[in-house]
Amino acid sequence: MGKAERKRWSEDFSEWYNELIEVAGIQDKRYPVKGMNIWLPYGLKIMRNIEKFIHAEMERTGHEEVLFPALIPETEFQKEAEHIKGFEGEVYWITHAGLDPLDVRLILRPTSETAMYSMFSLWIRSHADLPFKVYQIVNVYRYETKHTRPLIRVREISRFFEAHTAHDSYEDAERQIKEDLEIFDRLAKFLALPYIVSKRPEWDKFPGAYYSVGAEVMMPDGRTLQIGTMHNYRQNFAKAYNIQYETETGDHEYVHQTTFGMSERLLAAVIAVHGDDRGMVLPPTIAPIQVVIVPIPKKDSEADVFAYARELAEELRTAGIRVHVDERDIRPGRKYYDWELKGVPLRIEVGPRDVEGKKAVLARRDTLEKITVERDNIVGEVRKTLDAIHENLYQRAKEFLEGHIKRVDTIEEAKAVFEDRRGIVEIPWCGEEECGLKMEEELDAKMLGIPYPEEDAKAPEGKKCPVCGREARFIARFARTY
Ligand SMILES: [Zn+2]
């Protein structure tokens, strides 16, 4: 596909995204099941780098990795009423084994609560087993009826992260939610992604949860994307699945439970938030290739740019930097184009004059700036520049997010903000479901919820709910969402 034909991030983000997923080698969408895509090697490498960080965080915080089967018997799935109600329209059923109809039908997991919790009731015996913390990264299946989009809305979520915990008290479960938020914050910084956290309204919490908290990023078109959720279940699932423990005094109590979920939407957010008209811009932390070296031979020069490039690469590699030398027999401009599309954070150009002067030209992917550095300082200069790129990506995205959150008092003002689908609107709200739903309808937007932690959610003194005119208790956030 030629340069001129590609869609522009700045003008038509939605089309840019769909096209980029394929041309940058993230996924192939041509698999003959709608909403189920194929991970390509480059995309998978980036996703694995994100997952490495998640595994390390799980280890650090005392979560153990498990792997549950993908099939759940209908009888287990149906134990928690709210949960079935929330998912029954989305599950894929297995009704036959070979030619025989099954006595107990099976579902393909849409999430793993109902797979895990009958086992939790066997595993958790006493207070000494608590807190109990496990996680897995697996594929889950949801029959999405809305328009599907790679990595964002799919029928097979192939990198679904879910952490499940059990505790001896509500307070300890609350501590877990705080820990999840701290893990999420570290991950978001690792991905250079600024975000907001909201407590979901009652009508939009996870089916079976006591409350749900969600983290959103701001996409280039002003719509938000949920990339992480945490739920406190209280004892709701514990009662349905009989997960009890023996207390120190010999009584039996139900555990308190939480979950924490994420997926390949993390990668979608990275692609969308940091991208530009030339393609992806990967944070150095997750780029499979952090530095690409492009030798630029000149016909009338004796200097061996290839040997020089290989030497530089060896030195950087020894220092732990992921580096690649592009020795393909094509024009340098074509190489720049390819690596810019794939989001390699830093390019080093090596020409005869650099070889002779013992120098190298560093070209930043984020700002497109070029700087000439001394060959002797190459490791230090590259490290410093990669750090600067990461910091710049974060700051640039943070300014964009903050510039797209607007606080208003009336429905009319909110409508004006949404006129061109730009950003998040914060409106005073009395807290009544009826008024919240009315605002969703009027604005043709979703209530993300109230700011979390809740100390930040109180409406300023004297503010009124624009629907009913009563005193506002909260600030509610609305956005058009992916
Ligand atoms: Zn109201």
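**Loops, helix packing and domain contacts in a predicted model**

Pro 131 is found in the loop between helix 5 (113-123) and strand 7 (132-141), where helices (H or I, at least four residues) and strands (E, at least two) are DSSP runs numbered from the N terminus. A cis peptide bond, with omega of about -5 degrees, joins Leu 130 to Pro 131. The structure is a predicted model, in which local features need pLDDT of at least 70 and side-chain atom pairs count only at pLDDT 80 or more, while totals for chains, interfaces and linings use all residues. Residues are numbered from 1 along each chain as its sequence is written.

A cis peptide bond also joins Tyr 452 and Pro 453, with omega about 5 degrees. Pro 453 sits in the loop between strand 22 (446-451) and strand 23 (474-479). As background, most peptide bonds are trans, and most residues other than glycine have a negative phi.

The backbone also holds positive phi values in residues other than glycine. Phi of Ala 192, a residue other than glycine, is positive and near 60 degrees. Ala 192 lies in the loop between helix 6 and strand 9. Because 26 other C-beta atoms lie within 10 Å, Ala 192 is buried; a residue is buried if 20 or more other C-beta atoms lie within 10 Å of its own, exposed if 12 or fewer, and partly exposed in between, with C-beta atoms placed from the backbone. Arg 234 likewise has a positive phi, near 50 degrees, and its place is in strand 11. With 18 C-beta neighbours inside 10 Å, Arg 234 counts as partly exposed.

Val 66 is next, in the loop between strand 3 (64-65) and strand 4 (71-73). Val 66 has 13 C-beta neighbours inside 10 Å and so counts as partly exposed. In sequence, Val 66 and Tyr 135 are 69 residues apart, yet their C-alpha atoms are 6.0 Å apart in space. Setting aside neighbours within four places in sequence, Val 66 is in contact with Val 134 and Gln 136, contact being defined by C-beta atoms, placed from the backbone, that lie within 7 Å.

Two helix pairs can now be described. Helix 2 and helix 6 (residues 170-190) pack with their axes 11 Å apart and at an angle of about 150 degrees; axes are lines fitted to C-alpha atoms, for helices over the stretch in contact, and angles run from 0 to 180 degrees between N-to-C directions. That angle makes helix 2 roughly antiparallel to helix 6, given that angles under 35 degrees count as roughly parallel, over 145 as roughly antiparallel, 65 to 115 as roughly perpendicular and the rest as oblique. The crossing of helix 2 and helix 6 is right-handed, a term for the near helix being turned clockwise from the far one by less than a right angle, with anticlockwise giving left-handed. Phe 53, Ile 54 and Glu 57 of helix 2 make the contact with Ile 183, Arg 186, Leu 187 and Phe 190 of helix 6. By class, this contact has 5 nonpolar, no polar and 2 charged residues; Ala, Val, Leu, Ile, Met, Phe, Trp, Tyr, Cys and Pro count as nonpolar, Asp, Glu, Lys and Arg as charged, and the others, Gly among them, as polar.

In the second pair, the axes of helix 13 (residues 411-418) and helix 14 (residues 433-443) come within 10 Å and cross at roughly 45 degrees. Helix 13 and helix 14 are therefore oblique to each other, and their crossing is right-handed. On the helix 13 side, Ile 411, Ala 414, Lys 415 and Phe 418 meet Met 439, Glu 442 and Leu 443 of helix 14. This contact comprises 5 nonpolar, no polar and 2 charged residues.

Helix 8 (residues 265-274) is mostly covered, with 10 of its 10 residues buried. These buried residues pack against helix 1 (13-23), helix 2 (41-60), strand 10, strand 11 (224-234), strand 14 (256-262) and helix 12 (378-403).

At the level of the whole chain, an automatic or database domain assignment supplies the domain bounds: domain 1 (13-274), domain 2 (291-385) and domain 3 (405-479). The C-alpha centres of domain 1 and domain 3 lie 28 Å apart, and 15 residues of domain 1 are in contact with 16 residues of domain 3. On the side of domain 1 that touches domain 3, strand 9 (196-199) and strand 10 (211-218) are the elements that give two or more residues. Strand 10 supplies the largest share of that side, 4 residues.

Note on methods: Contact = placed C-beta atoms within 7 Å.
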